[in-house]
Amino acid sequence: MPKLELKLIQGELEKNILRPLYWLYGGEELKVRELVHRIKQTIQKISSSSFSFLNEDIFYASETEAATLIDAAKNLTFGGGTRFLLVREAHLIKDPECLEELMGPPWTKDVPYVCVFIARDLDQRKKFSKTLLEKAALVPCEEVSEGEREAWIAYLAKLKGMKLSADEVLNLRSFDPWNLSILEKELEKLFLLNSTCAEADKNLLSVNEGMWKSDQFLESFFQRDLQKSLQQVGQFANQPEESIPLLGLIAWNLRHFILKLSQKDSFNNIKGKFNPYLHDRLNRWSCFWTLDEVMDLHKSLFELDFSTKQTPRLPLGLWTNLVIRYCR
């Protein structure tokens, strides 16, 4: 049996065809996670028709003998049902040749067990790799090539019901490092932002982007209001002529805010040296922050400034991540 592509395995699962042993290898965690999820769904679908259920066990090959895994797969469970074994670090297993006992032809009903082994890589020099190639479902879950990125972006966006612009697709395919897990997080940020904006007040959405008032964001962010901050981020994050000056304004306020929280008593005594509006604003914000949180924010602002100017990461994602991290 040759290596099986994800599409072939997914096609089998849609037809309720299961294999006794799947060997997944490669560094793309999202591919592994999605395939494991579909295998479990298919087991439960088949089992539901026979009034049985899924019995799941998780093992780490570095800590478990092959004989133990064989016993776990073939032991009958109380009340029946399919045994599902998920074995991580499979490339570290000792005496893997014993696992040939678990391999066999596909099942469509009366499934006693399904074993999924997750390995970092596949050493084709080993004799056992040939056994896997001939008798098991050997599925590569390797990193996505640059030429395949747009297809995966479109696929994951479609799953979320999202329609991306050409600029968004270009930005999503160009950041570094790049993998499907990072892509999924970036799409989730865009989805969250778009969902929040869809429910935002119509007057706020109709405001011309050029009329954006930075004070509104400062108040929402430093009062740690997640919903309002997310609504406002979308109006400036992708416009450097607005977002970069705003970043400087936040940093300027933050320096005074650090002084306020680190020298509470003396700060109140020198009120006359500060703009009364600034003094009142900092007092208003102080109930939402601790000094440690503000110092951590200071580091995050530096990272945001660097990422915005020196990396291809999406500015909208960077700002959204900042808001989600610090707002409640």
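Predicted model: local features only at pLDDT ≥ 70, side-chain atom pairs only at ≥ 80, totals over all residues.
"Buried" here means under 20% relative accessible area.

**View 1. Strand E4, a mostly covered strand.** Welcome to strand E4, which spans residues 113–119 and has seven of its seven residues buried. Follow the side chains along the strand: Tyr 113, Cys 115, Phe 117 and Ala 119 point one way, while Val 114, Val 116 and Ile 118 point the other way. Residues of both groups are buried. Cys 115, for instance, has a relative accessible area of 1%, which is under 20%, so it counts as buried.

View 2. Which way do E1 and E4 run, parallel or antiparallel? Strand E1, residues 21–25, runs parallel to E4, and five bridges join the two. To find your place in this pairing, look for Tyr 25, whose bridge partner in E4 is Ala 119. Strand E3, residues 82–88, is also parallel to E4 and is joined to it by five bridges. Here a handy landmark is Leu 86, with Val 116 as its bridge partner in E4.

View 3. Most residues other than glycine have a negative phi. Glu 89 is not a glycine, yet its phi is positive, at about 55°. This residue lies in the loop between E3 and E4, and with 30% relative accessibility it counts as partly exposed. Asp 95 is found in the loop between E3 and E4 as well. The phi of Asp 95 is near 50°, again a positive value in a residue other than glycine.

View 4. Helix H4 covers residues 127–135, and its buried residues are Phe 128, Ser 129, Thr 131 and Leu 132. Why do they share a side of H4? Around the axis they cover an arc of only 155°, which puts them on the same side of the helix. What do the buried residues of H4 pack against? Their neighbours are E1 and strand E5, residues 137–140.

**View 5. Helix H6 and its buried face.** In helix H6, residues 166–174, the buried residues are Val 169, Leu 172 and Arg 173. Seen down the axis of H6, they fall within an arc of 95°, so they line one face of the helix.

View 6. Thr 42 sits in helix H2, which runs over residues 29–49. Is Thr 42 buried or exposed? At 3% relative accessibility, Thr 42 counts as buried. Setting aside neighbours within four places in sequence, Thr 42 is in contact with Leu 13, Asn 16 and Leu 18. Lys 40 also has its place in H2, but this lysine is partly exposed, with a relative accessible area of 23%. The C-alpha atoms of Lys 40 and Leu 18 are separated by 10.0 Å, and the two residues are 22 apart along the chain.

**View 7. Phe 221 and Trp 289, a tilted ring pair.** How many aromatic pairs does a search of the whole structure find? There are 15. One of them joins Phe 221 and Trp 289, which form a tilted pair with 6.1 Å from centre to centre and 45° between the planes. Phe 221 belongs to helix H9 (residues 214–222), and Trp 289 to the loop between helix H13 (276–285) and helix H14 (291–310), so the pair links distant parts of the chain, 68 residues apart. Both residues are buried. Look for Arg 224 too: it lies over the face of Trp 289, at 4.1 Å from the ring centre.

**View 8. Phe 236 and Trp 319, an edge-to-face pair.** These two rings form an edge-to-face pair, 4.9 Å centre to centre, with 85° between the planes. Phe 236 lies in the loop between helix H10 (226–233) and helix H11 (240–262), while Trp 319 is in helix H15 (residues 315–326), so the pair ties together parts that are 83 residues apart in sequence. Phe 236 and Trp 319 are both buried. Ring pairs link these two residues into a cluster whose members include Phe 221, Trp 289, Phe 257 and Tyr 326.

View 9. Cys 141 has a relative accessible area of 0% and is buried. The structure holds zero disulfides.

Note on methods:
Residues numbered from 1 in each chain as written. Heavy atoms only, no water. Phe/Tyr/Trp six-rings, centres within 6.5 Å; stacked < 30°, edge-to-face > 60°. Helix = DSSP H or I, 4+ residues; strand = E, 2+ residues; numbered from the N terminus. Buried < 20%, exposed > 50% of the residue type's maximum accessible area, 1.4 Å probe, protein only. Lys NZ or Arg CZ within 6 Å of the ring centre and 35° of its normal. Pairing = 2+ DSSP bridges. Disulfide = S-S within 2.5 Å. Arc of directions from axis to C-beta. Contact = heavy atoms within 4.5 Å.
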